[in-house]
Amino acid sequence: MNNLPLKPNERELIKLIRFFSKRATLLMETGELSQEHEQLTNACQNLEGQLIKHAENRAIILDKRERLEKVIEDNAYCPKCQKADMLKKNGVTTNEHGWKCNTYRCRRCNTTFTWNKPNNPWHMVQFLEKYIQELEESLLTQPNEEVRQHTEAAIPQIQDSLYKLRPVLQTSDEEVEALSAKEKEMDRMIHQFKNYLLIEKIKLDTYEEPEA
């Protein structure tokens, strides 16, 4: 259990479940506990399985989310020396569009700056949508035919990237939303069942009192 991705309340309940199940089984074998407690023991085992499965599923979803959040690579470089080898990320800021962008310090020339692109795929979608709009508008006034051809070729490529990215983000958002709802449901159940088992534990302790 130590290697499972459990929250503190889940870990606490599983310890209580295992304690109770072991004690209840022992008392049933010695005939000191009625068979009606067998159903409770089975319920404990089923709940433990649910908790472990939920914890594993949560870890998978959050790991996918974390990897998705890091999919955007800045490829940032210092605007002063045009170098990237001595950049140190020193924070995140929100620009005028509401997009989160990384800030850096160039240790070569001691310049601090904000990279001009979002640091996450959700805001990158908005960035690319705006960029496509700007490219399309530029075609209306672009006199250079070579630049026009380059721009016309670039737009479908960016649109294709958006087409592939949007469903991935939507799926992730839906998974996280469903996980959040499940977490609330599990937390309520854990709280209720833990209190119930604590009461049952007190009852079990009474069976161990030596006869007069």
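This is a predicted model: local features need pLDDT of at least 70, side-chain atom pairs count only at pLDDT 80 or more; totals for chains, interfaces and linings use all residues.
Contact here means heavy atoms within 4.5 Å. Helix α3 lies across β2 and β3 and runs at about 75 degrees to β3.

The sheet itself is open and has three strands in the order β1-β2-β3, with antiparallel pairing. Its edge strands are β1 and β3, the latter spanning 111-118, and each of these pairs on one side only. From one strand to the next, the twist averages 30 degrees. Strands of a sheet pair through backbone hydrogen bonds, either parallel or antiparallel. Between β2 and β3, which run antiparallel, there are five bridges. Threonine 103 has threonine 114, in β3, as its bridge partner.

Helix α3 also takes part in the aromatic contacts of the model. The count of aromatic pairs comes to five. In one of them, the ring centres of tryptophan 99 and phenylalanine 127 are 5.8 Å apart and the planes stand at 75 degrees; planes over 60 degrees apart count as edge-to-face, so this pair is edge-to-face. Tryptophan 99 sits in the loop between β1 (87-94) and β2 (100-106), while phenylalanine 127 belongs to helix α3 (residues 121-139), so the pair ties together parts that are 28 residues apart in sequence. Tryptophan 99 and phenylalanine 127 are both buried.

Phenylalanine 127 has a further ring partner, tyrosine 131. Here the centres are 6.3 Å apart and the planes are at 15 degrees; because planes under 30 degrees apart count as stacked, the pair is stacked. Both residues lie in helix α3, four residues apart, which is about one turn of the helix. Phenylalanine 127 has a relative accessible area of 17% and is therefore buried, whereas tyrosine 131, at 36% relative accessibility, counts as partly exposed. Together, Trp99, Phe127 and Tyr131 form one aromatic cluster.

The cysteines complete the picture. The structure holds zero disulfides. Cysteine 106 is in none, and its nearest cysteine sulfur, that of cysteine 109, is 3.6 Å away. A disulfide would need the two sulfur atoms within 2.5 Å. For cysteine 109, the closest cysteine sulfur is in cysteine 78, at 3.5 Å, which is too far for a bond.

Notes. Residues are numbered from 1 along each chain as its sequence is written. Side-chain values use heavy atoms; hydrogens and water are left out. Rings of Phe, Tyr and Trp (its six-membered ring) pair if their centres lie within 6.5 Å; planes under 30 degrees apart count as stacked, over 60 as edge-to-face and the rest as tilted. Helices (H or I, at least four residues) and strands (E, at least two) are DSSP runs, numbered from the N terminus. Buried means under 20% relative accessible area, exposed over 50%, partly exposed in between (1.4 Å probe, protein chains only). Two strands pair if DSSP finds at least two bridges between them. Axes are lines fitted to C-alpha atoms, for helices over the stretch in contact, and angles run from 0 to 180 degrees between N-to-C directions.
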